[in-house]
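Student: Could we go through this model and check what each label rests on? I'd like to see the value set beside the cut-off every time.

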Amino acid sequence: MSESSNTEEKPAYALFFGGMGAASAIIFSALGAAYGTAKSGTGIAAMAVMRPELIMKSIIPVVMAGIIAIYGLVISVLIAGSLSNDYTIRKGYIHLAAGLSVGFSGLAAGFAIGIVGDAGVRGTAQQPRLFVGMILILIFAEVLGLYGMIVGIYLYTK
């Protein structure tokens, strides 16, 4: 293998794409988790005025939103750990795709958890039988982030 083909395969900017994959995974998933936490938190605060005994039971959407950020953290640490001097442009592109898949699915899951959590805890304060339905919908929303992490890990291993 000649020196010029080696330089073409491992350009200096390859690390940029890998770094952007790691950054986008944590940034977008943390944005989703923050939105889910804030939106659910406002619902909990409004519900707690009427039914303060339900505060601890209503904290579930906030916990589920926090898990979304962990998905982004896992992929970010994996990608960042693989950045080295022999990093290829192919790896950079794949790691960017892995980070974006985790980040954007985490953002979408965080939005869904926030909206469902807000309406769910307010509704549960008025009708306690709504609680199980809210939990099921939250699980379906959380799984969207998990799907992104599965795809991200699969891409990372390529």
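Tutor: Let's take the labels one by one.

Student: What kind of model is this, and how are the residues numbered?

Tutor: This is a predicted model, where local features need pLDDT of at least 70 and side-chain atom pairs count only at pLDDT 80 or more, while totals for chains, interfaces and linings use all residues. Residues are numbered from 1 along each chain as its sequence is written, and side-chain values use heavy atoms, with hydrogens and water left out.

Student: Which residues carry the "transmembrane region" label, and where does it come from?

Tutor: It comes from UniProt, in an unreviewed entry, and covers residues 12–38, 59–81, 93–118 and 130–156. Such annotations may be inferred rather than shown by experiment; their positions are in the numbering used here and feature names are shortened. In the model, residues 59–81 are 96% helix and 0% strand, and residues 130–156 are 100% helix and 0% strand.

Student: And what does the "V-ATPase proteolipid subunit C-like" domain label cover?

Tutor: The unreviewed UniProt entry lists residues 20–79 and 96–155 for that domain. The end C-alpha atoms of residues 20–79 lie 10 Å apart, with 85% helix and 0% strand over the span. For residues 96–155 the ends are 9 Å apart and the chain is 95% helix, again with 0% strand.

Student: What makes helix 5 a helix of about the expected span?

Tutor: Helices here are DSSP runs (H or I, at least four residues; strands are E, at least two), numbered from the N terminus. The expected span is 1.5 Å times one less than the number of residues. Helix 5 has 27 residues, so the rule gives 39 Å, and the C-alpha reach of 40 Å is close to that.

Student: Why is H95 called buried?

Tutor: Buried means under 20% relative accessible area, exposed over 50%, and partly exposed in between (1.4 Å probe, protein chains only). H95 is at 2%, so it counts as buried. It sits in helix 4, and leaving aside neighbours within four places in sequence, H95 is in contact (heavy atoms within 4.5 Å) with G18, G21, I79, S82, Y87 and Y156.

Student: Why does S40 get that label too, and what does S40 touch?

Tutor: S40 is at 0% relative accessibility, so it counts as buried. S40 lies in helix 2. With neighbours within four places set aside, its contacts are P61, V62, I113, G114, G117, D118 and V121.

Student: Why isn't L78 called buried?

Tutor: L78 has a relative accessible area of 31%, so it falls in the partly exposed band.

Student: What makes a set of residues a nonpolar core?

Tutor: Its members are buried Ala, Val, Leu, Ile, Met, Phe, Trp, Tyr and Cys residues joined through side-chain atoms within 4.5 Å. The largest one has 24 residues, and I68, I75, I113, M134 and L138 touch the most other members. Helix 2 (14–50), helix 3 (60–82), helix 4 (89–126) and helix 5 (130–156) each give two or more residues to this core.

Student: Which helices do the buried residues of helix 3 and helix 5 pack against?

Tutor: Those of helix 3 pack against helix 2, helix 4 and helix 5. Those of helix 5 pack against helix 3 and helix 4. Among the buried residues of helix 5 are M134, L138 and E142.

Student: How do you know that Y35 and F111 are stacked?

Tutor: Rings of Phe, Tyr and Trp (its six-membered ring) pair if their centres lie within 6.5 Å; planes under 30 degrees apart count as stacked, over 60 as edge-to-face and the rest as tilted. By this rule there are five aromatic pairs. Y35 and F111 are 4.2 Å centre to centre with 15° between the planes, so they count as stacked. Y35 lies in helix 2 and F111 in helix 4, so the pair ties together parts 76 residues apart in sequence.

Student: Why is the Y13 and F17 pair edge-to-face?

Tutor: Their centres are 6.3 Å apart and their planes at 75°, so the pair is edge-to-face. Y13, F16, F17 and Y93 form one aromatic cluster.
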